[in-house]
Amino acid sequence: MISLTTARMLSELCPPKLKRSVNDRVALVSCSDYGQFEQQLGTALDSIGDVKKLVHGKTVAVKVNLAGDPRVWPSAVPGGEVFRTNPQSVRATISLLVKAGARRIRILESFFPASQEHSLWARYHLRTDQIHHKGVPIIWENIQNLGNHKHYVRRKPCNPLVYPAYHLSPALFQCDVYVSMAKLKQHWLAGVTMSMKNNFGITPCSLYGGDCGRDGNEQPRKERADVLHNGIIPVPAGVDAELDPNSPRDPGFRVPRIVVDLLQVRPIDLAIVDGVDTLSGGEGPWIPGIQQVHPGIIIVGRNAVNTDAVGTAVLGYDPLSERGEPPFVRSDNTLRLADEALLGTCDVRKIDLVGLTLDDARTKIRIGQGEGRRMVT
């Protein structure tokens with residue numbers, strides 16, 4: 001049985017509410033290929049300002065997006081990535097963080113099997129033995145379960161929407177700065193997936209997976225759909241049950257609200273959205289009809305809501321759209337929910353955008369068949 005009580009010895013207070021005034025600026029820069037990623041990301045970071053002050057002398061955690069089990073869904077491009085975080089972008093980001101004075105870097109993701117074997121990262125073309133910097137420790141950690149830790153950390157959203165608290169890996173809080181490094185993608189359910197939706201993956205399947213059981217399962221094999229998306233399987237004993245068991249069992253209701261909850265319990269200090277190469281029509285090759293596209297951009301911001309709003313507009317959608325309007329045809333708009341929670345703004349007219357204009361960056365990305373598109377003007 002998984003021990004959860006000691007987690008309460010760690011901070012249970014909700015983190016300070018994000019303020020729109022922290023740094024609302026979002027940088028939008030061109031990047032034609034991953035060989036330019038470090039230079040162009042550096043330009044974007046300089047454009048939003050205060051990044052060196054943010055990371056100098058700090059431990060920085062970077063949550064990457066390694067969607068899909070590579071044993072089932074191998075890389076769309078040999079040696080590179082389209083729907084997952086690209087290895088070159090990881091190396092470039094680490095290099096820039098080191099140059100900015102970071103003293104330690106943690107690379108985090110949750111994947112199967114729930115093991116800390118470094119060789120598993122190589123399945124995503126991430127060679128941990130080749131991505132390093134002299135004098136700066138780089139820690140690679142799979143947060144799908146407890147891993148090398150003894151207890152989970154329990155954190156409460158200030159304004160919870162689905163669960164009153166979430167039990168997460170301590171690795172997510174053993175840092176001074178938290179970076180969400182996401183892809184610029186459409187999402188079959190959520191409409192779009194960028195830095196905020198990337199945070200959905202911080203929930204360990206050991207506690208929130210379909211085979212978590214009554215006592216938790218430190219060797220999970222099932223994803224989060226039955227627990228988090230559909231709400232048809234309860235969380236283990238000792239993990240906070242949802243606030244309202246009579247709320248809709250609709251994934252389009254639950255997933256956006258859980259994303260907003262998680263943005264409160266693990267705030268994003270820096271959002272990096274890779275739009276160099278990506279997919280249209282969905283988040284991965286398991287979605288029928290997806291196609292590879294080349295937007296050739298990077299989006300960077302200190303506020304995740306603002307950053308994702310710009311990304312949504314770049315894709316050709318209105319970030320203010322209601323449910324039923326593209327791209328949010330199957331779910332509530334996560335951006336609007338986050339805006340209502342005062343975590344940022346989804347109104348691009350209120351965002352200090354630097355670099356390319358939306359018209360310059362907007363790309364023709366097809367959405368699912370028969371769903372149409374509403375362009376931002």
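The model is predicted: local features need pLDDT of at least 70, side-chain atom pairs count only at pLDDT 80 or more, and totals for chains, interfaces and linings use all residues. Residues are numbered from 1 along each chain as its sequence is written, and side-chain values use heavy atoms, with hydrogens and water left out.

There are nine aromatic pairs (rings of Phe, Tyr and Trp, the last by its six-membered ring, with centres within 6.5 Å; planes under 30 degrees apart are stacked, over 60 edge-to-face, the rest tilted). In one of them, the ring centres of phenylalanine 111 and tyrosine 124 are 5.6 Å apart and the planes stand at 50°, so this pair is tilted. Both residues lie in the loop between strand 3 (104-109) and strand 4 (138-142), so the contact ties together parts 13 residues apart in sequence (strands are DSSP E runs of at least two residues, helices H or I runs of at least four, numbered from the N terminus). Phe111 and Tyr124 form one aromatic cluster with Trp121 and Trp140.

## Tyrosine 163 and tyrosine 208

The rings of tyrosine 163 and tyrosine 208 have centres 6.3 Å apart and planes at 75°, so they make an edge-to-face pair. This pair links distant parts of the chain, 45 residues apart: tyrosine 163 is in the loop between strand 5 (153-155) and strand 6 (166-168), and tyrosine 208 is in helix 5 (residues 205-208). Tyrosine 163 is buried at 2% relative accessibility, and tyrosine 208 is buried at 0%.

## Charges over rings

The charged end of arginine 155 sits over the ring of phenylalanine 173, 4.2 Å from its centre (NZ of Lys or CZ of Arg within 6 Å of the ring centre and within 35 degrees of the ring normal). Arginine 257 lies over the face of phenylalanine 253, at 3.9 Å from the ring centre.

## Largest pocket

The largest pocket has a volume of about 810 Å³ (an open set of points on a 1 Å grid over the protein atoms alone, where a 1.4 Å probe fits, with protein on both sides within 12 Å along at least five of seven lines; lining residues have an atom within 4 Å of a point; the volume is the space filled by probe spheres set on the points, which are joined across faces, edges and corners). Of its 31 lining residues, Ala67, Gly68, Lys197, Glu223 and Arg224 are the closest to the centre. Strand 8 (185-187), helix 4 (195-198) and helix 6 (225-229) are the elements that give two or more residues to this lining.

Technical notes. Buried < 20%, exposed > 50% of the residue type's maximum accessible area, 1.4 Å probe, protein only.
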